[in-house]
Amino acid sequence: MKALIARSYGPLEDVEFAELPTPVAGPGQLLVRLEATSLNAVDKVLVTGAMRDAMPVRHPFVPGVDVSGVVEAVGEGVTRFSVGDAVIAWNSVTAGALAEYIVIDDAPSVALRPAALTPAQGAALSTGALTAAALLDEVRTLPPRGGSVLIVGAAGGVGSFTVQLALQAGLTVLATGRADDEDFLRGLGAHHVLDYRTTDIAEETHRLVVGGVDSVIDLANAGPALAATAAAAKAGGQLVSPLGGPPSFERGVTASYTGTRTPRGRLEALAGQAAESRLRVEIDSDYPFGQADRALIAFASQHIRGKVTVTF
């Protein structure tokens with residue numbers, strides 16, 4: 001099969017196409033013929049080795065964690081899926097989706113793809129929506145329904161879903177983006193849009209919400225840089241991030257760090273919402289598989305609204 005691979009840790013420009021053996025489904029596994037995948041920040045991290053101590057990979061390495069395709073074979077013990085089923089999945093740092101075929105475990109991270117979703121929409125959903133839902137799980141532990149949240153990095157693949165799920169939770173949503181993201185973010189339902197390039201985010205947040213927001217979800221910053229956005233939270237408020245940082249901040253603002261989670265039934269529920277147009281799946285650009293190397297470089301270097309997908 002044809003796959004996009006990294007032969008060793010290095011720049012994204014070093015990835016290349018190669019022929020690899022088609023994998024075989026073992027017990028409890030599915031062999032899926034890819035129809036689409038989408039790109040995520042973790043793809044860059046895994047290819048470059050930026051976090052190789054925490055997330056090591058074996059080479060040759062095939063990036064791509066979002067799976068959207070058709071089941072070609074099922075391993076022993078698989079009963080939820082059959083050959084010919086259209087499925088979507090999140091394949092964790094195991095990755096492998098930038099290839100014509102992939103083997104995935106029969107787990108809660110796999111769901112049937114509703115007929116109303118295109119392969120690209122299915123691929124764009126998994127990591128973004130699952131991560132957004134995990135972040136909102138953390139937020140819901142603090143403010144009661146009707147609270148407020150600042151979402152930093154709201155226009156991206158995770159952010160666009162986070163805005164929508166926060167609104168579903170009954171939160172007042174402040175979203176950061178560029179000036180030309182305003183129509184997009186308001187279209188997702190954001191109550192206020194803050195231009196991070198021209199505005200002091202914390203100061204503007206306190207102007208819009210006296211005392212500060214209940215929670216900040218920061219998708220753009222990590223480590224000490226989170227202090228600047230934590231300042232937008234009220235005293236005793238909360239910062240949530242998927243990227244990691246200090247355990248707490250000034251004025252009693254606590255921190256909660258979480259990544260993508262796949263509780264049973266969640267991916268099915270999110271896919272159902274998307275199929276019923278209750279959850280918008282925004283695709284910034286779609287590339288053919290033969291240009292997947294270009295897609296990866298563009299994704300890492302350009303301002304993206306929603307998701308970048310690769311279609312086979």
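**Ground rules.** I'm working from a prediction, where local features need pLDDT of at least 70, side-chain atom pairs count only at pLDDT 80 or more, and totals for chains, interfaces and linings use all residues. Numbering starts from 1 along each chain as its sequence is written, and side-chain values use heavy atoms, with hydrogens and water left out.

**Helix α3.** α3 has 12 residues and reaches 18 Å from first C-alpha to last, close to the expected 16 Å (1.5 Å times one less than its number of residues). Next I checked burial (buried is under 20% relative accessible area, exposed over 50%, partly exposed in between, with a 1.4 Å probe and protein chains only). Nine of the 12 residues of α3 are buried, so the rest of the structure largely encloses this helix. Among them are F161, V163 and L165, plus the glycines G157 and G159. Just after α3, I found G170 with a positive phi of about 85°.

**Strand β3.** Which strands pair with β3, residues 29-38? I count a pair if DSSP finds at least two bridges between the strands.

- β4 (residues 66-74) runs antiparallel to β3, with six bridges; R33 has V70 as its partner.
- β6 (residues 101-105) is also antiparallel to β3, over five bridges; L30 partners I104.
- β15 (residues 307-311) joins β3 by three bridges, antiparallel again; A36 partners T311.

I also noted that β3 is mostly covered, with eight of its 10 residues buried.

Notes:
Helix = DSSP H or I, 4+ residues; strand = E, 2+ residues; numbered from the N terminus.
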